[in-house]
Amino acid sequence: MTTITETPPTPLTARLRVPGAFALGAVLLLGVAPLALSDFRLSLLAKYLCYAIVAVGVSLAWGRGGLMVLGQGVFFGLGGYAMAMHLKLTDAAATGETLPDFMQLYGTGDALPWWWEPFANPGFALAMTVLLPMAVAALLGFFVFQRRVKGAYFAILSQALAAALSIWLIGQQATTGGTNGLTDIQGFFGYSLDDPVNQRMVYFVIAAVLLLLMAAARQLFVSRYGELLVAVRDSEERVRFLGYNPANVKLVAYVVAAGMAGLAGALFVPAVGIISPALIGIVPSIGFVIGAAVGGRASLVGAVLGAIAVAWAQSTLSDAFPAAWTYLQGLLFVLAVGFLPGGLASVGVVLRRRRTRTPATGETA
Amino acid sequence: MTVILNQSFTGISIGAVLLLIALGLTLTFGQMGVINMAHGEFIMTGAYTTYVLQKSISNAGVSLLVALPVAFLVAGAMGALLEWLLIRRLYTRPLDTLLVTWGVSLMLQQLARDVFGAPNVQTHAPDLLTGNISMGGVTFASSRLFILGLALLSVLALTIVLRLTPLGRRIRAVVQNRDLAEVSGIATGRVDRVTFFIGSGLAGVAGVALTLVGPIGPTMGTNYIVDAFLVVVVGGIGQLKGSVLTAFALGVLQSVLEYSTTVSVAKVIVLVAIVAFLQWRPQGLYTLRTRSLA
């Protein structure tokens, strides 16, 4: 998690740069942060890291693949709800009840809805946090990419999906908690979330998942598939002429990004203790993309740091100056996306290009 | 029978609102390829314009009629300014216009909150538009009829401008082949700005109409914006008749589904129907055939 040096490095440092940065990031996240931060701040950081996990997927699908994924809130929400449903059921079971608390208040009867029942099984619930978002992404992606629906169409369809899911969740008050969502979650696989020690454990899990996914994404970027994905982004027709099916290439990126968002949503629930429609509609879905855009969509580290920075700025500044923050947020998007398409990660590159007077190449979105 | 008629009228009036909102987008998104998320805030501008005018003109009917052209000009001017400041730099990156204008939309919403306050405000509908008209057991809300008329009038006006005026010819030329239009001596930059002015102005007109059916508030635009984009997507890029047909079809579908299921389930089914429809016609209902490969 260091800034990338701009001078051309010697071969040895080049080989060590990425593992070195990764090791430094790991030390900062797993060693320094837990020692330096109070319990409260560490749990805030845990929340930001969940957004960072989504950003890893965004960097893959959007930064590398050119797919503007504006519906990540859907996958975040599916993962979050799958986890929260399981935790609510275990909370209820701990007090000898069969129904979660909100269903006893607003529910339609004494019976658990049939689609809640399997989530009592921890293995099923955990699998669903990733598989459910991936399945939805695969379904939508298959239909959209196969028929070569254009970029703008895809962006709007994924937004509409986010709107539809949050409207549906709000409408099913009796079985999903409606606008409130699933709140007041007490335990995490037998550990009480009130205990700061267990909150730290949750933080470590989230930080470790983030580091693992970043390493995996980095491997994917340098693989043959990663090259192919960039090729599809830059010239889909040429890739088709070479005998590949661009639809499949895009589908993989979209589905993997959805799985990451689902995992992030699942980890968000124990970190924050709530999942609700307000966290997954159109506005938060765009928010997931914005963090990555500000940091630098094409750069993995840039996207992750951007997501953390925007989430941090959001919670610190919006409490102190709500109005000023909204203006600043808007301005940030306008400036970062409009005038610095590579995000903050590209500041160095842009400056160097200006010095050497190489014309900037327009990026295909 | 009356149930069916009543439901179809509800559907048509939902369609009319959709059409009014999507009409401006047919120009800015359909013709120019700009995904303007601030379109919803231009609608909001039109609604607040009505609210402001009603404070100075006490006769609700007169203020509504005055509001229509004023809202068109105010929202249009904002659109032209946005085009000049930001969007003209982004024509090569259409998807990025979505994020940039989203930032603009956030700022405009906050501006509305600072000027008019966060709670919703109300306008008084003219007496003429508050009642219902009954015909053969079917009740039509007068305000809905007014919106339907306004939507059809706007379509007619836009069609005349696009088909019969020199400006319309230039707009179509720029859309179909920008380079060729440029070498033919058309100032494409200026045409872009005028197109954007008209598209945004139509959002303002839609905003005036919406004061008759819903509350006026800083976030009112976001409630409609995605639906409006869907109309343009399904109708076919830049196709006026596509948008008209789609708006009414989606309105009726929505209203029929809402009657037989719930609002939220209806929304989901409509979305699934749209994805299915795009399998059949990926470029939308109508497509513009050009010789360009893009």
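Tutor: Start with one term: two residues are in contact when heavy atoms of each lie within 4.5 Å. The model is predicted.

Take helix 13 of chain A, residues 300–320. Helix 13 of chain A has 21 residues. From its first C-alpha to its last, helix 13 of chain A reaches 30 Å, close to the 30 Å expected at 1.5 Å a residue. Its buried residues are A:Leu300, A:Gly302, A:Ala303, A:Val304, A:Gly306, A:Ala307, A:Ile308, A:Val310, A:Ala311, A:Ala313 and A:Ser315. What covers those buried residues? The cover includes helix 2 (39–64), helix 8, helix 12 and helix 14 (322–339) of chain A.

Look at helix 12 of chain A, one of those covering elements. Helix 12 of chain A runs over residues 282–295 and has 14 residues. Its end C-alpha atoms span 21 Å, close to the 20 Å expected at 1.5 Å a residue. Eleven of the 14 residues are buried, so helix 12 of chain A is largely enclosed by the rest of the structure. Those buried residues include A:Ile282, A:Ser285, A:Ile286 and A:Phe288. Also among them are A:Val289, A:Ile290, A:Gly291, A:Ala292, A:Ala293, A:Val294 and A:Gly295. After helix 12 of chain A comes A:Gly296, whose phi is positive, near 135 degrees.

Most residues other than glycine have a negative phi. A:Asp184 is not a glycine, yet its phi is positive, about 60 degrees. A:Asp184 sits in the loop between helix 7 (173–176) and strand 1 (187–188) of chain A. Its relative accessibility is 47%, and A:Asp184 counts as partly exposed.

Back to the cover: helix 8 of chain A belongs to it too. Helix 8 of chain A comprises residues 196–222 and holds A:Asn198. With a relative accessible area of 11%, A:Asn198 is buried. Leaving out residues up to four places away in sequence, A:Asn198 touches A:Tyr191 and A:Ser192.

Elsewhere in chain A, compare helix 6, residues 151–171. Helix 6 of chain A has 21 residues. Its span from first C-alpha to last is 30 Å, close to the 30 Å expected at 1.5 Å a residue. Helix 6 of chain A is mostly covered, with 16 of its 21 residues buried.

A:Ala82 has a relative accessible area of 2%, so the residue is buried. Setting aside neighbours within four places in sequence, A:Ala82 contacts A:Phe119, A:Ala125, A:Met128 and A:Thr129. A:Ala82 and A:Gln329 lie 247 residues apart in sequence. Their C-alpha atoms are 31 Å apart in space.

Now chain B. B:Thr28 lies in helix 1 (residues 2–31) of chain B. B:Thr28 is buried, at 0% relative accessible area. Beyond its neighbours within four places in sequence, B:Thr28 contacts B:Gly33, B:Val34, B:His39, B:Phe196 and B:Gly199.

Two packed helices are described by the angle between their axes and the distance between the axes. Helix 1 of chain B packs against helix 10 (residues 240–260) of chain B at about 140 degrees, with axes 7 Å apart. Helix 1 of chain B is therefore oblique to helix 10 of chain B. The crossing of these two helices is right-handed.

Helix 2 (residues 39–56) and helix 4 (residues 94–116) of chain B pack at about 20 degrees, with axes 10 Å apart. Helix 2 and helix 4 of chain B are therefore roughly parallel to each other. Their crossing is left-handed. Helix 2 of chain B contributes B:Glu41, B:Phe42, B:Met44, B:Tyr48, B:Tyr51 and B:Val52 to the contact. Helix 4 of chain B answers with B:Ser105, B:Leu108, B:Gln109, B:Ala112 and B:Phe116.

Finally, the record. In an unreviewed entry, UniProt lists "transmembrane region" for residues 12–37, 57–82, 145–164, 194–216, 228–252 and 259–280 of chain B. Residues 145–164 of chain B are 100% helix and 0% strand, with end C-alpha atoms 28 Å apart. Residues 194–216 of chain B are 74% helix and 0% strand, and their end C-alpha atoms lie 28 Å apart.

Methods: Residues are numbered from 1 along each chain as its sequence is written. Chains are lettered from A and ligands numbered from 1 in the order in which they are written. This is a predicted model: local features need pLDDT of at least 70, side-chain atom pairs count only at pLDDT 80 or more; totals for chains, interfaces and linings use all residues. Side-chain values use heavy atoms; hydrogens and water are left out. Helices (H or I, at least four residues) and strands (E, at least two) are DSSP runs, numbered from the N terminus. Buried means under 20% relative accessible area, exposed over 50%, partly exposed in between (1.4 Å probe, protein chains only). The expected span of a helix is 1.5 Å times one less than its number of residues. UniProt positions are given in the numbering used here, feature names are shortened, and annotations may be inferred rather than shown by experiment. Axes are lines fitted to C-alpha atoms, for helices over the stretch in contact, and angles run from 0 to 180 degrees between N-to-C directions. Angles under 35 degrees count as roughly parallel, over 145 as roughly antiparallel, 65 to 115 as roughly perpendicular and the rest as oblique. A crossing is left-handed if the near helix is turned anticlockwise from the far one by less than a right angle, and right-handed if clockwise.
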